[in-house]
Amino acid sequence: MRLATTLPAGTLALLAILHLTHAAFAWDRQVKQGETLARINCARCHAVGRAGASPLRVAPPFRELHTRYPVEDLGEALAEGIRTGHPSMPEFRFDPDEAEALITYLKSLER
């Protein structure tokens with residue numbers, strides 16, 4: 001009888017662990033995709049990593065963006081064509097998945 005009462009709890013714990021593991025892998029995949037997008041599209045002006053100065057002095061380092069405004073709010077701007085920023089910043093448009101990945105990467109820099 002005892003095995004029958006512990007089995008469902010153990011099964012639920014295993015399912016929770018599997019779910020969290022899947023979520024962690026999905027997060028990591030989005031962070032890597034966002035980092036790639038940042039390096040390809042933004043690194044010529046912005047410091048996109050955890051250290052270093054931006055190549056263009058007026059372009060804020062990505063690791064500091066969350067101190068200026070909530071990066072979660074950038075999704076629409078990234079999808080519609082972001083035009084804010086420094087005066088020489090070109091317009092960028094990302095599809096919704098790319099915008100979400102870039103935001104996830106920016107969120108990872110807050111840690």
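Among contacts in the protein between residues at least 6 apart in sequence, what percentage join residues at least 24 apart? The share is 54%, where contact means heavy atoms within 4.5 Å. The model is predicted: local features need pLDDT of at least 70, side-chain atom pairs count only at pLDDT 80 or more, and totals for chains, interfaces and linings use all residues. Residues are numbered from 1 along each chain as its sequence is written, and side-chain values use heavy atoms, with hydrogens and water left out.

The protein has three helices and zero strands. Its elements run α-α-α from the N terminus on. Helices (H or I, at least four residues) and strands (E, at least two) are DSSP runs, numbered from the N terminus. The protein has 111 residues, of which 31% are buried. Buried means under 20% relative accessible area, exposed over 50%, and partly exposed in between (1.4 Å probe, protein chains only).

The largest nonpolar core has 21 residues. Such a core is a set of buried Ala, Val, Leu, Ile, Met, Phe, Trp, Tyr and Cys residues joined through side-chain atoms within 4.5 Å. F62, L74, L78, F94 and L106 touch the most other members. Helices α1 (2-41) and α3 each supply at least two residues of this core. The largest share, six residues, comes from α3. Leaving out residues up to four places away in sequence, L74 touches Y69, I82, I103 and L106. Of these, I103 and L106 are among the buried residues of α3.

Helix α3 has 13 residues and covers residues 96-108. From first to last C-alpha it reaches 18 Å, close to the 18 Å expected at 1.5 Å a residue. The expected span is 1.5 Å times one less than the number of residues. D95 caps the N-terminal end of α3, with a side-chain oxygen 3.0 Å from the backbone nitrogen of D97. The buried residues of α3 are A99, A101, L102, I103, T104, Y105, L106 and S108.

T104 lies in this helix. Its relative accessible area is 7%, so T104 is buried. A polar atom of the T104 side chain lies 2.8 Å from the backbone oxygen of E100. A polar contact is a pair of N or O atoms within 3.5 Å; within protein, one must be able to donate a hydrogen and the other to accept it, and residues adjacent in sequence count only if both atoms are side-chain atoms. Apart from neighbours within four places in sequence, T104 is in contact with W27, Q30 and V31.

E110 is found in the segment after α3. E110 counts as partly exposed because its relative accessibility is 30%. Setting aside residues up to four places away in sequence, E110 touches H66 and V71. E110 and F62 are 48 residues apart along the chain, yet their C-alpha atoms are separated by 9.4 Å.

C42 is buried at 9% relative accessibility. C45 is buried at 14%.
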